[in-house]
Amino acid sequence: MKRILIVNVNWLGDTLFATPLIRAVREKYPESYIAILTHPRCYGMLEGNPHINEIIIYDEKKEHKNLLRRFSIISHLRARNFDAAFILKKSFSRTLLLLFSKIPQRIGYGSGRAGFMLTKRVSSPCKPAHKVDYFLRLADAVGISAKNRNYEIAISREDMDEAENILKGTGLEGRKFIALNAGGNWNPKRWPVSNFAELGEEIINKLKMSVVLTGADKDMALAEDIAGLMKRKPYILCGKTNLKTLGAIFKKAICVVSNDSGPMHLAAAVKAPLVAIFGPTSPELTGPCGDGIRKVLHKDIGCKIPCYDLKCKDNRCIKAITVEDAMKAIAEILEMHRNMLREIH
């Protein structure tokens, strides 16, 4: 394989799940030209990745919705003369795109309507597998092995400096802080606002550390709700960071506490000490992966997991995790971190 295309998935966490495969392909074919076809929202996760030669933006729901734009992508891919493509998500439209782009080797999971358009049809795992392993199975099917399951994201010196400037501007310069990421792409995955507020109070009062609330612009109302329930106010960074500067801030944090979300996986990618809160989703399938100091909080309450009932009004699975559970996990994380520093010195 001399010119390789990897057709990425559309979400931030899944993009990080794909980085071990990207690294494995590069290690197997160090001189190859490797391009990634990805959604615009995932560009920041991949920008600067040393294993990628080109990132091709493809948004079939918006920018490339009409046929003329679709054919422009096909023309672009044909011009690149790819000899192999990995398609990470079962998709009829994207597999058809590869066929029209005349890429001779098309590797993907064979079940579903698109299977007949693949030249290498890989069988799905017999048992549900973590997404990292699910993607790596495609590489393994063509003789590419990978032992490194760490996520990968490039955080530059400039990103670290910008994060430092953000912290200075907020009044956090030189302070020890714990970052709380309360957002999530659907409500059942979110730990209650009151729990985050109580946890913030406990961190400030018992651990004598500052609390930072992270998120995008859309999470500002959520952060303000949490801050409104706290006597001693947290620092709100929602909307002040991009993906890379958020990763840099996580690297500076004493610990990150997060719902199952893209930022949670970002924290794992930069190896920040992490407490990950899981409710309806499965840590075995989409939990933080690779090296790092972390604790996963998840309780079996008898419900089927994973559960994708977006209209669930009960949310017992996420509510079963208490503030006491989270504080205990943070204490264990801090102790593990101290022990690690002792070993280094």
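Predicted model: local features only at pLDDT ≥ 70, side-chain atom pairs only at ≥ 80, totals over all residues.
Axes are lines fitted to C-alpha atoms, for helices over the stretch in contact, and angles between N-to-C directions run from 0 to 180 degrees. Helix α1 (residues 12-28) packs against helix α5 (residues 131-140) at an angle of about 35°, and their axes are 8 Å apart. The model also holds an open sheet in the order β3-β2-β1-β4-β5-β6 and another in the order β9-β8-β7-β10-β11-β12.

**The α1 and α5 pair**

- Two packed helices are described by the angle between their axes and the distance between the axes.
- The crossing of α1 past α5 is right-handed.
- On the α1 side, the contact is made by Asp14, Phe17, Ala18, Pro20, Leu21 and Ala24.
- On the α5 side, Lys131, Val132, Phe135, Leu136, Leu138 and Ala139 take part.

**The sheet from β3 to β6**

- This open sheet has 6 strands, and their pairing is parallel.
- Strands β3 (54-57) and β6 stand at the edges. Each has a single partner strand, so one side of each is left without a neighbour in the sheet.
- Direction ignored, neighbouring strands here are turned by 20° against each other on average.
- Strands of a sheet pair through backbone hydrogen bonds, either parallel or antiparallel.
- Strand β1 (residues 3-7) runs parallel to strand β2 (residues 33-38), and 5 bridges join them. In this pair, Ile6 stands opposite Ile36 of β2.
- Helix α1 packs on the sheet and touches β1, β2 and β4. The direction of α1 makes about 170° with that of β1.
- Helix α4 packs on the sheet too, touching β1, β2, β4 and β5. Its direction makes about 175° with that of β4.

**Around strand β5**

- Strand β5 (residues 105-109) is mostly covered, with 4 of its 5 residues buried.
- On one side, 3 bridges join β5 to strand β4 (residues 84-87), and the two run parallel. Ala85 has Arg106 of β5 as its bridge partner.
- Strand β6 (residues 120-122) is also joined to β5 by 3 bridges, again running parallel. Here Ile107 has Lys120 of β6 as its bridge partner.
- Strand β4, helix α4 (residues 92-100) and β5 make a right-handed β-α-β unit.

**The nonpolar cores**

- The largest nonpolar core has 57 residues. Ile6, Leu21, Val25, Phe86, Leu88 and Phe250 have the most contacts inside this core.
- Helix α1 gives the largest share of this core, 7 residues.
- Another core, of 34 residues, lies apart from the largest one. Leu213, Leu222, Ala223 and Ile318 are among its members.

- Val25 is found in α1. The cut-off for buried is under 20% relative accessible area, and Val25 counts as buried because its relative accessibility is 0%.
- Leaving aside neighbours within four places in sequence, Val25 is in contact with Ile4, Ile6, Ile34, Phe86 and Ile144.
- Val25 and Ala139 are 114 residues apart in sequence. In space they are 7.3 Å apart, C-alpha to C-alpha.
- With neighbours within four places set aside, Thr15 is in contact with Asn8, Val9, Cys42, Met45 and Leu46.

**The sheet from β9 to β12**

- This open sheet also has 6 strands with parallel pairing.
- Strands β9 (235-236) and β12 (294-297) stand at its edges. Each has a single partner strand, so one side of each is left without a neighbour in the sheet.
- Strand β7 (residues 177-181) and strand β8 (residues 210-214) run parallel, joined by 5 bridges. Ile178 stands opposite Val211 of β8.
- Helix α7 (residues 193-207) lies across β7, β8, β10 (255-259) and β11 (274-277). It runs at about 175° to β7.

**Helix α10**

- Helix α10 (residues 262-269) is mostly covered, with 7 of its 8 residues buried. Among them are Gly262, His265 and Ala269.
- Just after α10, Lys271 takes a positive phi of about 60°.

Conventions
Residues numbered from 1 in each chain as written. Heavy atoms only, no water. Buried < 20%, exposed > 50% of the residue type's maximum accessible area, 1.4 Å probe, protein only. Pairing = 2+ DSSP bridges. Right-handed = clockwise from strand over helix to strand, strands pointing away. Contact = heavy atoms within 4.5 Å. Core = buried A, V, L, I, M, F, W, Y, C linked by side-chain atoms within 4.5 Å. Left-handed = near helix turned anticlockwise from the far one by under 90°.
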